[in-house]
Amino acid sequence: MKIGELARAAGISTSRIRFYEEKGVIRPADRGGNGYRDYPDTTLEALRMILLAQSLGLSLAEIKASAPGDGTLPSCDDARQILSTRLADIDAHLARLTAMRARIVAMMDHELTPGAIVTALRS
């Protein structure tokens, strides 16, 4: 599959595919005699998995670290562990945001004088 065909099928730009290749997130394409990149069909599946992982907040470094390194996708068990770790990160972030929200609501419920704001920020 040529890079343009792959880009259209994945819904991304050719430069993004070249970027993923440069960063080692996908295997480098074979080159034909004309120098054109020729990707195996499995690259489309890998790109879809990368896009899904990024939409779930995983960085390219995390995605690359989770891949076996041979151009295949992580096993189901590995994917489950990655998602479990990501979910724990999200839960921790939500807890921090919930606490921050509670502090803001508490501040807004009181008279907002400069002294009250400084005191609230120190606590």
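Colleague: Leaving aside its neighbours within four places in sequence, which residues is Ile-17 in contact with?

Modeller: Keep in mind that this is a predicted model. Ile-17 is in contact with Ile-3, Leu-6, Ala-7, Ile-12, Ile-26, Tyr-39 and Leu-47, once those sequence neighbours are set aside.

Colleague: How should I read a list like that, and which residues of the largest nonpolar core touch the most other members?

Modeller: The general idea is that in soluble globular proteins, nonpolar side chains tend to be buried together. Here the largest nonpolar core has 18 residues, and those touching the most other members are Ile-17, Tyr-20, Ile-26, Tyr-39, Leu-47, Ile-50 and Ile-63. At least two residues of this core come from each of α1 (3–10), α2 (14–23), α3 (42–55) and α4 (60–66).

Colleague: Thanks! Now the helices: at what angle do α1 and α3 pack?

Modeller: Two packed helices are described by the angle between their axes and the distance between the axes. For α1 and α3, the angle is about 45° and the axes lie 10 Å apart. That angle makes α1 oblique to α3, and their crossing is right-handed.

Colleague: Which residues meet where α1 and α3 pack?

Modeller: From α1 come Leu-6, Ala-9 and Ala-10; from α3 come Thr-43, Leu-44, Leu-47, Arg-48 and Leu-51.

Colleague: Let's turn to charges. How many salt bridges does the count come to?

Modeller: Side chains of opposite charge can pair when their charged atoms come close. In this model the count comes to two salt bridges. One joins the side chains of Asp-38 and Lys-2, at 3.9 Å from N to O. This pair links distant parts of the chain, 36 residues apart: Asp-38 sits in strand β2 (residues 37–38) and Lys-2 in the segment before α1. Asp-38 is partly exposed at 32% relative accessibility, and Lys-2 is partly exposed at 37%.

Colleague: And which residue does Arg-37 form a salt bridge with?

Modeller: Its partner is Glu-21, with the closest N and O atoms 3.3 Å apart. Here too distant parts of the chain are linked: Arg-37 is in strand β2 and Glu-21 is in helix α2, 16 residues apart. Glu-21 has a relative accessible area of 13%, so this residue is buried.

Technical notes: Residues numbered from 1 in each chain as written. Predicted model: local features only at pLDDT ≥ 70, side-chain atom pairs only at ≥ 80, totals over all residues. Heavy atoms only, no water. Core = buried A, V, L, I, M, F, W, Y, C linked by side-chain atoms within 4.5 Å. Buried < 20%, exposed > 50% of the residue type's maximum accessible area, 1.4 Å probe, protein only. Helix = DSSP H or I, 4+ residues; strand = E, 2+ residues; numbered from the N terminus. Contact = heavy atoms within 4.5 Å. Salt bridge = Lys/Arg side-chain N within 4 Å of Asp/Glu carboxyl O. Axes fitted to C-alpha atoms, helices over the stretch in contact; angles between N-to-C directions. Parallel < 35°, antiparallel > 145°, perpendicular 65-115°, else oblique. Left-handed = near helix turned anticlockwise from the far one by under 90°.
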